[in-house]
Each structure stands twice: as C-alpha cells, then as structure tokens.
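Reader: Could you walk me through the sheet in this model, strand by strand, along with what packs on it? I'd like the close-up version, please.

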Amino acid sequence: MKTLEECLKESVAFHGEECPGQVIGTRMAITGCREIGIKDPKSKAERKKIIVYVEMDRCASDAIMAVTGCRVGKRTLKIMDYGIMAATFVNLETGRAVRIRARESSRELALKYAPNITEKYDQQRESYKVMPEEELFETREVRVAVPIQDMPGRPVRRVRCDQCGDWVQDMRDVQMDGKNLCRSCAFGGYFERIK
C-alpha cells in the first residue's frame, strides 16, 4: 500500500479539494485494506478481490474510491446510504471483512493534535492526518454475505419489465401478480413518467 501522503494526493486529485472527509476516507481505505489483507487494491492481482460498502455519500466515499480503485460501475463499491461515516471492506477471496466507523470523539480531539490552528475545519483536516488510528476509528470484524447478484462480473440475469419495457439486470426485478416488474413500476420510483 502507498503512504498516506501518496494516497491523499490521489484522493484530492479525484475529489478536487483536501477536506477533513478526504483525510478520513483515505485513512479508512488504507486501514480497511490492511485489515483484510489487501496490499495493492488497484493491482491486477487484487482488484477483483475487494468490495467496499460505504455508508455515506460524502467526501470520504470519493477518497475510498480513489485509494481502492473500487467503483460502482465495476460493482466493487456499494453505496448503502445510511448517513454514517463508515465503510466495510470485504476480501472476496478470504471472506474477511471489517467495518470502520469514524469516532465522533475525533472531532473534539482535533484541538489536541492541531492546537495552533484556530479554524475548526482546517484543524480537523490536519489533525486527522496524525491522530492515532484507535482515536480516529472504531474497527470491527464483521461478516458480510455478498449475494451472487451483487458480485463483480457480467449480469446474472436480465428480465424485461412487463409494464414499462425497461430491462432489469442482476435479479433486481419484482414478481407481482404473475408479472415481471422493475422496482419503479412495482413500488414507485424517484421519477414520474410523463408520456
């Protein structure tokens, strides 16, 4: 694994700015990979061995993507938007998984590690770079059963929605009243069809 400085540089280039969330996400990715035995998540040998579940759609998620190479489009990054500054790293080869959550107390500890910086945002960003891992994160071993339809690779199945005609992949279809439906037709979606 690259150094924190190297990883943070990649993360900032991807995200567009260095912020506290970038530092947390970068350190989360480094810690998560180390804990599940992944040395170089972007390498050809290991890039198909890792899935990361992020629990927020914030800056830290961009950092995790930049450091691990995991992407939604590669089916190796899963967004579970629980609004929690946490991520779970899974080694698909060994089954080992760890969930890393940023400690709320790290916000207040920022003063201890960057006492000469008065602006809270800057203080947190700089302190998160040097704060001991155990003060910044809670790391727990967990078990994650990754279903076949969520694994990287080609779609497991494609089914056409009997109502709207959209094609539904990876067993995301719904069987209702003897029909194959997309979730939008079955339960309502985030958009409304006009025509």
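Author: Here is a look at the sheet, its central pairings, the helices across it and the salt bridges around it.

First, the ground rules: this is a predicted model, in which local features need pLDDT of at least 70 and side-chain atom pairs count only at pLDDT 80 or more, while totals for chains, interfaces and linings use all residues. Residues are numbered from 1 along each chain as its sequence is written, and side-chain values use heavy atoms, with hydrogens and water left out.

The sheet is open, with 5 strands in the order E2-E1-E3-E4-E5 and mixed pairing. Strands here are DSSP runs of E with at least two residues, helices are H or I runs of at least four, and both are numbered from the N terminus; two strands pair if DSSP finds at least two bridges between them. E2 (77–79) and E5 (137–142) sit at the edges with a single partner strand each, so one side of each has no neighbour in the sheet. On average, neighbouring strands are turned by 20° against each other, direction ignored (axes are lines fitted to C-alpha atoms, for helices over the stretch in contact, and angles run from 0 to 180 degrees between N-to-C directions).

Now zoom in on E1. Its 5 bridges to E3 are antiparallel, whereas its 3 bridges to E2 are parallel. Val-52 shows both: it stands opposite Phe-89 in E3, and its bridge partner in E2 is Leu-77. In a regular strand, side chains alternate between the two faces of the sheet. In E1, both faces are covered: Ile-50, Val-52 and Val-54 on one side, Ile-51 and Tyr-53 on the other, are all buried (buried is under 20% relative accessible area, exposed over 50%, partly exposed in between, with a 1.4 Å probe and protein chains only).

Over in E3 you'll find Thr-88, buried at 7% relative accessibility. Leaving out residues up to four places away in sequence, its contacts (heavy atoms within 4.5 Å) include Ile-51, Tyr-53, Val-98 and Val-142. Further along, E4 (residues 97–102) joins E5 through 6 bridges, running antiparallel, and Ala-102 stands opposite Phe-137 there.

What about the helices? H2 (residues 20–36) lies across E1, E3, E4 and E5, at about 155° to E4. H3 (residues 59–68) lies across E1, E2 and E3, at about 170° to E1. E1, H3 and E2 make a right-handed β-α-β unit, meaning that, with the strands pointing away from the viewer, the path from the first strand over the helix to the second runs clockwise.

The largest nonpolar core has 30 residues, and Met-28, Val-52, Ile-64 and Phe-89 touch the most other members. By nonpolar core I mean a set of buried Ala, Val, Leu, Ile, Met, Phe, Trp, Tyr and Cys residues joined through side-chain atoms within 4.5 Å. H2 gives this core its largest share, 7 residues.

Finally, the salt bridges (a side-chain nitrogen of Lys or Arg within 4 Å of a carboxyl oxygen of Asp or Glu). Lys-49 and Glu-93 meet at 3.4 Å, N to O; Lys-49 is in the loop between H2 and E1 and Glu-93 in the loop between E3 and E4, so the pair ties together parts 44 residues apart in sequence. Glu-141 pairs with Arg-96, with the closest N and O atoms 2.9 Å apart. Glu-141 belongs to E5 and Arg-96 to the loop between E3 and E4, so this pair links parts 45 residues apart in sequence.
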